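User: I'm new to this one and would like to learn how to read it. Could you walk me through a few features?

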Amino acid sequence: MPTDVVMPQMGESITEGTITKWLKKPGDTIQRDEPLFEISTDKVDAEIPSPSAGTLKEIKIAEGTTVQINTIVATIDEAGSGSVSTPPASSPAKAETAAEPAADSATPAAVDTPAAVQANPPTTGGPGTEVLMPQMGEAITEGTITKGLKKVGDTVQRDEPIFEISTDKVDAEIPSPVAGVLSEIKVPEGSTVTINTVVAVIGGTAGKSAAPAAAASSAPAPVAATSATEPTPAAPASAATEGERVRSSPLVRKIAKDNKVDLTKVPGTGASGRITKTDIVSHLEQGQKPVVAAAAPTSVPPPAPAAAKPAAPPPQPGELVPMSKMRSIIAQRMVESKRTSPHVHTVFKVDMTRIVKIREKEKSKFEQRNGVKLTYMPFITRAAIVALRKHPIVNGSIEGEAVRYNKNINIGIAVALDWGLIVPVIKQAEEKNFLGIARAIVDVADRARGKKLAPDEISGGTFTLTNSGIFGEQFGTPIINQPQSAILGIGGLNKEAEVLTDKDGNDSIAIRSIQRFTLGFDHRIVDGADAGKFMSDFKAYLENWSEDIG
């Protein structure tokens, strides 16, 4: 019985890898755990062991090719019988072109979501591309298809969403790995299946390629890297040169597309010069002016804008509605947190008048300069970061009988969704300036609402902000996001009469902009004195704001 060998996930933030060297050839006998091939990612180079003993039957991906995680790269015949296939002949230059479409900064961008595919003949007969249930994180073993966005017979473009899934960690839209016709849906809505299960088929005898006939030539057109199981011809020389020069992930290409950035102008620090998310974010934060990239000739039209999705009908009185997967997980996590941490809350009243005046004066110019609206959240986030630097215990967590003083400040921003709540994380927030924080908040919130977050973007937080004050409340008592030790609740901003005392001790009453902030903290690790000092410094930073907002 053949065993599929897939590109492994070498960490939560890794979505693709490059096969640098095959250590075996078709026909070789291999033992379980014997090194089979070498890979390179943005973070690590590694030898990948064989998942089973047998004979290497087929190598599907050539050396030098970059593919997404969970892509099938080879098959092993456990019985040691059957014919073997030779590896696809591809030079490194061609392989890289296959992995990175020409002028990818102008190509419709994929979300940073692992969409594992396998270009094998489907059950309907004829060649087609199988769409697999992707692995949305190392600890995720299954996913639920909550909604199909396309029906059989529909034409889909590469990277166009074809269905929605829900897992323990994230709800996401899964893009099509290739352009073509949806020829088969194998798993109905509401079904929960394990990762790598075939859920749909693109193309095959039931459908034709979506690319117009004008694209046909003596050489086949390049195919998507995620389904590259056969050698891919090189693109025209000029396009190939462009594709080889720009290496990046789907998320990087999306950020570039949204900000009209020419990726050829962004230096890459990843493996083989690959542009990472950190590279492009740093490029934007350094005040680089976006450069509109020249569009490369293409025969496949960009995907049409998705039609607005109708809102779900509100529940009717007396109706019993099952919890969604996300709602159920939220319920479990909240109960677990209350059971784990002895919660204590302290409320501080902060005079935000100075911040309000700065924002009113600068908001128009700030948006014109930076393309981002100036809200109160980056002010609050920066003040929290400053206070966390002074009081690292509030940024800590308990591990067994020890306290982990986290090296970085990873700020979670709670985002309310129509279907629940999610907390995307801004990693290494202490390294960002005010503008970087402002951009990051808008970015993660927008992608959370659009179901475009990657699994590693909702994990690894060390401190959380939750802004329920936008609904008019004075303050709340939020529940800690485990395994963190504290959460900051942001109350409503209101004008109130306050008693002010001048330097001579004279009192007066004035109208001030007042906001209440609640620190919820785990009393196992944070004492009341720690919480009070943290909040005092947080309050002082806001009331005496002097930082340049950019």
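Analyst: Happy to. Keep in mind that this is a predicted model. Let's begin with sheets: two strands pair if DSSP finds at least two bridges between them.

User: Which strands form the open sheet, and in what order?

Analyst: There are 6 strands, running β18-β27-β26-β25-β21-β24, and their pairing is mixed. At the edges you'll find β18 (343-351) and β24 (425-426); each has a single partner strand, so one side of each has no neighbour in the sheet.

User: In what sense do β25 and β26 pair?

Analyst: Parallel, over 3 bridges, with β25 covering residues 463-466 and β26 covering residues 486-501.

User: Now helices. What describes two packed helices?

Analyst: The angle between their axes and the distance between the axes. Here, α7 (residues 377-390) packs with α8 (residues 434-449) at about 120°, and their axes are 9 Å apart. That angle makes α7 oblique to α8. The crossing of α7 past α8 is right-handed.

User: Which residues make the contact of α7 and α8?

Analyst: From α7 come Met377, Pro378, Phe379, Thr381, Arg382 and Ile385, while α8 brings Phe434, Ile437, Ala438 and Ile441. By type, the residues of this contact are 8 nonpolar, 1 polar and 1 charged.

Key
Residues numbered from 1 in each chain as written. Predicted model: local features only at pLDDT ≥ 70, side-chain atom pairs only at ≥ 80, totals over all residues. Heavy atoms only, no water. Axes fitted to C-alpha atoms, helices over the stretch in contact; angles between N-to-C directions. Helix = DSSP H or I, 4+ residues; strand = E, 2+ residues; numbered from the N terminus. Parallel < 35°, antiparallel > 145°, perpendicular 65-115°, else oblique. Left-handed = near helix turned anticlockwise from the far one by under 90°. Contact = heavy atoms within 4.5 Å. Nonpolar A, V, L, I, M, F, W, Y, C, P; charged D, E, K, R; others polar.
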